[in-house]
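Try each task yourself before you read its solution.

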Amino acid sequence: MKRGMRHPSQLGWSIVATASACMLAALWVFPLLWALSTALRPELETVSATFHWLPRTWTVEAFAKTLGAGNLPRWLFNSALVALLVTVVTMAISLMAAYAFSQLRFRGRSLLFGSAMLAFLLPFEALLVPLFRTMHQLGLINSYAGLVLPQVVSPVVIYVFKQFFDAIPADFREAAVMDGAGPLRVLWSVYLPISGNIVWAMAIVTFIGAWNNFLWPFIIVTSNEMMTIPLGLTQTYDAFGVRYAQLMAAALLGALPVALAYVAFQRRVTQGFLAASGLKG
């Protein structure tokens with residue numbers, strides 16, 4: 001066989017993998033394109049008995065009415081604020097906890113880490129009642145603090161950071177300690193710069209998760225003004241009836257900031273997940 005030519009079995013697997021990737025991409029893109037197509041139609045056309053892929057009459061009326069009706073701008077602001085606060089606090093707590101579990105030696109460290117990892121076994125739904133009672137006792141119902149605080153502890157992020165810190169040579173920390181640096185200084189000046197990509201990756205994942213969270217806002221929010229965008233979209237039925245174009249327009253507007261954030265930081269997210277298995281990037 002000539003050099004550079006692929007074995008027939010390898011070529012066959014490449015074709016299958018490429019076809020599978022294209023099929024999955026089509027399955028992912030089709031609902032988005034259909035939502036966009038629906039949002040760009042007049043309302044009467046969305047309930048037409050005649051099926052057609054593209055709008056016969058193109059219009060942005062649904063977007064204009066969605067932005068002008070209800071509290072969509074306020075819902076977007078609430079989602080952005082809550083997701084940003086959750087991301088910042090989660091990263092701070094997770095970095096400090098992971099550094100302590102990975103690099104510091106203290107009594108009960110393994111027990112505490114094991115207890116934190118037990119949260120993997122607890123679905124969030126099992127914590128709804130105690131969390132709600134706690135927020136109620138603290139007077140945080142229908143508040144930004146009530147929305148943010150229950151979301152800031154993430155065992156997954158702590159575990160990822162700890163595994164990454166475990167792979168960093170101890171010489172870095174020892175050199176900083178010999179220079180008189182304390183734990184926070186070592187974390188900030190040594191470990192954080194090395195972990196930049198994985199921190200960005202976890203931050204984007206956390207931000208998207210907080211933005212899309214529906215269950216906890218549904219439990220803790222009691223007023224229309226405090227709703228986030230996933231919760232607010234459920235109110236569009238009451239505000240718009242069965243106006244599918246406006247419903248799709250609201251859904252697209254709600255997803256747009258997250259999509260833009262992911263596109264902007266896609267390279268960092270990819271590098272971060274690659275770095276999770278080593279010290280690349």
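Predicted model: local features only at pLDDT ≥ 70, side-chain atom pairs only at ≥ 80, totals over all residues.

Residues are numbered from 1 along each chain as its sequence is written, and side-chain values use heavy atoms, with hydrogens and water left out.

**Exercise 1.** Find how helix H5 and helix H8 pack, and which residues make the contact.

*Solution.* 
- Step 1: Helix H5 spans residues 109–117 and helix H8 spans residues 155–166; helices are DSSP runs of H or I with at least four residues, numbered from the N terminus.
- Step 2: The two pack at an angle of about 135 degrees, and their axes are 9 Å apart.
- Step 3: H5 and H8 are therefore oblique to each other (under 35 degrees counts as roughly parallel, over 145 as roughly antiparallel, 65 to 115 as roughly perpendicular, and the rest as oblique).
- Step 4: Phe113, Ala116 and Met117 of H5 meet Pro155, Ile158, Tyr159 and Lys162 of H8, where contact means heavy atoms within 4.5 Å.
- Step 5: Sorted by class, these contact residues are 6 nonpolar, no polar and 1 charged.

**Exercise 2.** Describe the largest cavity and its lining.

*Solution.* 
- Step 1: On a 1 Å grid over the protein atoms alone, a cavity is a set of points where a 1.4 Å probe fits but cannot get out; a pocket is an open set with protein on both sides within 12 Å along at least five of seven lines; lining residues have an atom within 4 Å of a point.
- Step 2: The whole structure holds 3 cavities of 30 Å³ or more, and the largest cavity has about 50 Å³ of space.
- Step 3: Its lining includes Ser79, Val82, Leu147 and Trp211.
- Step 4: Helix H4 (72–103) and helix H11 (196–212) each supply at least two lining residues.
- Step 5: The lining has 5 nonpolar, 4 polar and no charged residues.

**Exercise 3.** What is the volume of the largest pocket, and which helix gives the most to its lining?

*Solution.* 
- Step 1: The volume of the largest pocket is about 670 Å³.
- Step 2: Its lining has 22 residues, and Phe124, Gln151, Val153, Ser154 and Pro155 are the closest to its centre.
- Step 3: H11 gives the most, with 5 residues.
- Step 4: The lining counts 16 nonpolar, 6 polar and no charged residues.

**Exercise 4.** Where does the second largest pocket lie?

*Solution.* 
- Step 1: The second largest pocket holds about 490 Å³ of space.
- Step 2: H15 gives the most to its lining, with 9 residues.
- Step 3: Domain 1 (8–40) and domain 2 (61–277) both give residues to this lining, so the pocket lies between them.

Definitions and conventions. Axes fitted to C-alpha atoms, helices over the stretch in contact; angles between N-to-C directions. Nonpolar A, V, L, I, M, F, W, Y, C, P; charged D, E, K, R; others polar. Points joined across faces, edges and corners; volume = space filled by probe spheres on them. Domains from an automatic or database assignment.
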